[in-house]
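Let's take a walk through this model together. Keep the viewer open and turn it as you read.

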Amino acid sequence: MSTGLYTPPAADQLARARAVLDSVTDPELPFLTIADMGILRDVRVAGNTVEVAITPTYSGCPAMDVIALDIVTALTKAGFPEVRIERVLSPAWTTDWLTPPARAKLAANGIAPPQGRPDGSNSKRALFAEPAIVCPSCGSMATDRVSEFGSTPCKAHYRCRTCREPFQYFKCI
Amino acid sequence: MAAAHYRYLLRLADNALVLGHRLTQWSSRAPTLEEDIALSNMALDLVGQARALYTRACALAGDGRDEDQLAFLRDAHEFLNVQLIERPNGDFADTMARQLCYCAFAVPLWEALTRSRDAELAGIAAKAEKECAYHLRHGSEWVIRLGDGTAESHRRMQRAIDDIWMFTGELFEVDDVERAMIAAGIGTDASKLWPDWSDTVGEVLAKATLRRPADGWMISGGRRGIHTEHLGHMLAQMQFLQRAYPGATW
């Protein structure tokens, strides 16, 4: 029996849900979408329900609750009646998942993007290693770490000796 | 087996929660703004780790309790953290001695647990290892700065290391719970982490011009629910809201 309501095919629903999620950004880094960040792990449509899998950047990142709320709000506004958020902890998020456009956007917004760790600079063996961070304002390598803990769990606080500007560094994890 | 798994997760979670709460007690009281932010950031990591571990434990137990009930509605004797973690903040040297001793243990512990057969625990461990590596560097730098600083900072850093030393042995104890978890491939043998811990702490103390205390009698009991008087006082503060207003939510 027909209810008279047109239900689009699941594939179209999925594409539309993904498009909606492209508008959801990180509350602390509003120029990055959750897809750019690698926080968005999976999107599934099952009947009337959209299931969205997200992963936290840091164990206690308070932005996760806001992101979950933003996802539900965006999808509900777009007409999806049921949204289910799944938090995935394994595999653990890493800055390696930041997309190349995300790195470019970070630099364009004055935040030095994570600078790889080919030498395992985040490991115990490099307990006192100091990776050289490039100043996002002037490109100088003459920078000093002020603190490895900044305004959010993912950022460290640096200053440039050349242009004298303080800046944030998106630290490797 | 399931009981051992639950207990093993609670031990890991209680260490993270109690240390996390201790670090929040520095918020607005740290010596500089950068330190205030650093200690609060580390507290956030630790409380986050605890929350994920409690959630995992609750899923295993299936007794209807959630992570908040485990954190806020258990009494001191039900907490299974090592006694080293619950020691009061004292002065900055005491806090940094505690950070060094715990983090030098936590980094290799989490690294080993990334290979746990409990995939959820392995995922939590992968994140916690990287977070604790940052905490370890922070604590190490402070121990060196204070130890190799002025005569007064050296004296106080040495006293802090001397005072905490007898609490470090418990980190490496292996009991029936641990043995069951090692056999099941879920846990790791903490006693095997000692050489790594000893190298890290030894390197930092040497750089800090501090004397390494002799390994004498070591205190024990936290992981069986036997605690110093300090934990009860800490819980009285941490749990006040849920005790006064049961079920209160944001």
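Residues are numbered from 1 along each chain as its sequence is written, with chains lettered from A and ligands numbered from 1 in the order in which they are written.

How far can you trust chain A? Its mean pLDDT (the predictor's confidence in each residue, from 0 to 100) is 87, and 88% of its residues reach 70 or more. For residues 118-124 of chain A, though, pLDDT stays under 50. The model has 16 contacts beyond four places in sequence for that stretch, a contact being two residues whose C-beta atoms, placed from the backbone, lie within 7 Å. Where pLDDT is low, predicted coordinates should not be read in detail.

Now find the three-stranded sheet in chain A. It is open, runs in the order S1-S2-S3 and has mixed pairing. Strands here are DSSP runs of E with at least two residues, helices are runs of H or I with at least four, and both are numbered from the N terminus; two strands pair if DSSP finds at least two bridges between them. S1 (40-46) and S3 (82-87) of chain A are the edge strands, each with a single partner, so one side of each has no neighbour in the sheet. On average, neighbouring strands of this sheet are turned by 20° against each other, direction ignored.

Where does the mixed pairing come from? S1(A) and S2(A) run antiparallel, joined by 6 bridges, whereas S2 (residues 49-54) of chain A pairs with S3(A) in the parallel sense, also over 6 bridges. Ile54(A) is a handy landmark: Leu40(A) is bridged to Ile54(A) in S2(A), and Ile54(A) also stands opposite Arg87(A) in S3(A). Two helices pack on this sheet. H1 (residues 10-21) of chain A touches S1 and S2 of chain A, and its direction makes about 145° with that of S1(A). H3 (residues 63-77) of chain A touches S2 and S3 of chain A, at about 155° to the direction of S3(A). Angles run from 0 to 180 degrees between N-to-C directions, and axes are lines fitted to C-alpha atoms, for helices over the stretch in contact. Back at S1(A) and S2(A), the two strands form a hairpin with 2 residues between them, and Gly47(A) in the turn has a positive phi of about 60°.

Further along chain A is an open sheet of 4 strands, ordered S4-S7-S6-S5, with mixed pairing. S4 (111-112) and S5 of chain A stand at its edges with a single partner strand each, so one side of each is left open in the sheet. S4(A) runs parallel to S7(A), joined by 2 bridges, with Ala112(A) opposite Tyr169(A). S6(A) and S7 (residues 166-170) of chain A are antiparallel over 5 bridges. In their hairpin, with 5 residues between the strands, Arg164(A) takes a positive phi near 70°. S5 (residues 143-147) of chain A and S6 (residues 155-160) of chain A run antiparallel, with 4 bridges. Look at His157(A) here: it stands opposite Gln168(A) in S7(A), and Ser147(A) stands opposite His157(A) in S6(A).

Over in chain B, look at helices H2 (residues 33-61) and H6 (residues 119-147), which pack at an angle of about 165° with their axes 11 Å apart. H2(B) and H6(B) are therefore roughly antiparallel (over 145 degrees; under 35 is roughly parallel, 65 to 115 roughly perpendicular and the rest oblique). Residues in the contact include Met42(B) and Leu53(B) from H2(B), and Ile124(B) and His135(B) from H6(B).

H6(B) also packs with H7 (residues 151-164) of chain B, at about 130° with axes 7 Å apart, which makes H6(B) oblique to H7(B). Val143(B), Leu146(B) and Gly147(B) of H6(B) meet Ser153(B), His154(B) and Met157(B) of H7(B).

Finally, the two chains meet: 20 residues of chain A are in contact with 28 residues of chain B.

Notes: This is a predicted model: local features need pLDDT of at least 70, side-chain atom pairs count only at pLDDT 80 or more; totals for chains, interfaces and linings use all residues.
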